[in-house]
Each structure stands twice: as C-alpha cells, then as structure tokens.
Amino acid sequence: MSQLVAGLVERRGLDLEGVEIATAGQQNEAGDPGQYRVKIVVDSDAAVDLDAVAALSNEISEALDAAGDFGETAYLLEVTTPGINRPLTADRHWRRAQGRKVRVKLRADATSPDPAGATKFEARVGRLDGERIALVLGGKAKPRLATVPLADIAEAVVQVEFNQPGAEELELAGGIAPGKPLPGSEPEDLSSESASEGIVE
C-alpha cells in the first residue's frame, strides 16, 4: 500500500512522511476488525493548501478501493500534514522547521552549545549548512547563535508556540522557512478525512 500511496503523493509534488494503519471499533463475530483507520502524512517545502490535501485524499481513496486491500472492511482515510510535536529526522525536516522552536536532546558524547552544558534544551532552528544546523539559544531575552553537527543530535521535536518569537531571535535564525507560517500564528494542521466502505466482491 505504501508504494501505491507514495506514487500518488509524489505526483502532486509532495513528500510522503508516514503511513499508519490502525483498527478502530469492535471486532465482529468472525474476528475481523470493525473498521480500519488509515492516516497518511504529507509535507512540502512550500505551503500545502487544503484543496490539494482534499484532492489527494480523493485520489488515494479511489486507488485503495480499486486495489481492494481492505476487502469488505470499512476504513476511514485521513490525509494530513505533520502536526506540532513532530520529530525532525531528515534534512528536509530541518529546512522546513527553520524559525521554529524545538526541544533538542544531544547524544551522550556530544559537546553541548548550552553554557551550562545541558544535553536537553530548547532552541530556535536556524539554517542547515551541510551536516551542521544553526540553533538560536537564549530565547527572546538573550538570543545567541550556535551550530551543532546533526550527528550530535539524538532527538529534536518541534514545540507548540502561543507567542511569536522576538525579532532578534528570528533574525539570527535566518527567518521562517519559505511558505511556512510565523510561529505562534499558524493555522490548524491541514487534514482531510473520507470514509469508504471498501470493495464488495
């Protein structure tokens, strides 16, 4: 199924970030699941609009119905963009998160850019330069720029922001990734859901 979905996503100029299949509802007497829930996460360097997500959702639903992967079992399809609290695991994730606040956890043997030597800290994502990422530490009060090898980062997760970043902090980060909203003012994640009863032979 992932290969089928990936082809449709790529044709729309998007990246497939994940496919999750889970069962929802109670099993019937034969032990079959009541319904499947299929969640497909897509993203792009540019802004992804709701119309594109809805159109992609329809295409994927039609393709899944034709493939008959779920037989006669109903499924709920959700096509969405990455939400807040998403991990940054690839170079494209770091590029798209420029200007966003992240919670960083360093590897045990890494040198910390934090003055106190903390291996867990919050920072604002700056520009990606090869295998190093610029991070703005200190928040609005005392922002300062540091660079960290990506190999030193064990985990980085985008954080929810209710307030906009400081001007100096954002300037040090190099601004917001093109096509992305200003932190603290972004809309809800884009998603589109459609239900299908599967294929009846």
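Modeller: Let us begin with arginine 144, which sits in strand E7 (residues 144–149); helices (H or I, at least four residues) and strands (E, at least two) are runs assigned by DSSP and numbered from the N terminus. The model is predicted, and local features are therefore described only at pLDDT of at least 70 and side-chain atom pairs only at pLDDT 80 or more, whereas totals for chains, interfaces and linings use all residues. Residues are numbered from 1 along each chain as its sequence is written, and side-chain values use heavy atoms, with hydrogens and water left out.

Arginine 144 counts as partly exposed because its relative accessibility is 30%; buried means under 20% relative accessible area, exposed means over 50%, and partly exposed lies in between, with a 1.4 Å probe and protein chains only. Its side chain reaches the backbone oxygen of proline 113 at 2.3 Å, which is a polar contact, that is, a pair of N or O atoms within 3.5 Å, where within protein one must be able to donate a hydrogen and the other to accept it, and where residues adjacent in sequence count only if both atoms are side-chain atoms. If we set aside neighbours within four places in sequence, arginine 144 is in contact with Pro113, Asp114, Pro115, Leu135, Val136, Leu137 and Leu172, contact meaning heavy atoms within 4.5 Å.

Alanine 173 belongs to helix H4 (residues 167–173), and it counts as buried because its relative accessibility is 0%. Its C-alpha atom is separated by 7.0 Å from that of leucine 135, which is 38 residues apart from it along the chain. Beyond the neighbours within four places in sequence, alanine 173 is in contact with Gln98, Gly99, Arg124, Val125, Gly126, Arg127 and Val136.

Another arginine to look at is arginine 96, which lies in helix H3 (residues 91–96) and counts as buried because its relative accessibility is 6%. The side chain of arginine 96 makes a polar contact of 2.3 Å with the side chain of aspartate 15. Its contacts, with neighbours within four places in sequence left aside, are Asp15, Glu17, Asp43, Ser44, Asp45, Ala177 and Lys180. Histidine 93 is also found in helix H3, and it counts as buried because its relative accessibility is 13%. The side chains of histidine 93 and glutamate 17 are joined by a polar contact of 2.8 Å, and histidine 93 touches Glu17, Pro87 and Leu88 when residues up to four places away in sequence are not counted.

The loop between strand E3 (75–80) and H3 holds arginine 86, whose C-alpha atom is separated by 8.2 Å from that of glutamine 159, 73 residues apart along the chain. Not counting residues up to four places away in sequence, arginine 86 touches Ala156, Val157 and Val158.

Helix H2 (residues 50–67) has 18 residues and reaches 26 Å from its first C-alpha to its last, close to the 26 Å expected, where the expected span is 1.5 Å times one less than the number of residues. The buried residues of H2 are Val53, Leu56, Ser57, Ile60, Ser61, Ala63 and Leu64. Seen down the axis of H2, these buried residues fall within an arc of 170°, so they line one face of the helix; the arc is that of the directions from the helix axis to the C-beta atoms. An α-helix has 3.6 residues a turn, so residues three or four places apart point the same way. On the other side of H2, Asp51, Glu62 and Ala66 are exposed, and the helix is followed by glycine 68, whose phi is positive, near 70°.

Taken as a whole, the chain has four helices and nine strands, and 38% of its 201 residues count as buried. Among contacts between residues at least 6 apart in sequence, 64% join residues at least 24 apart.
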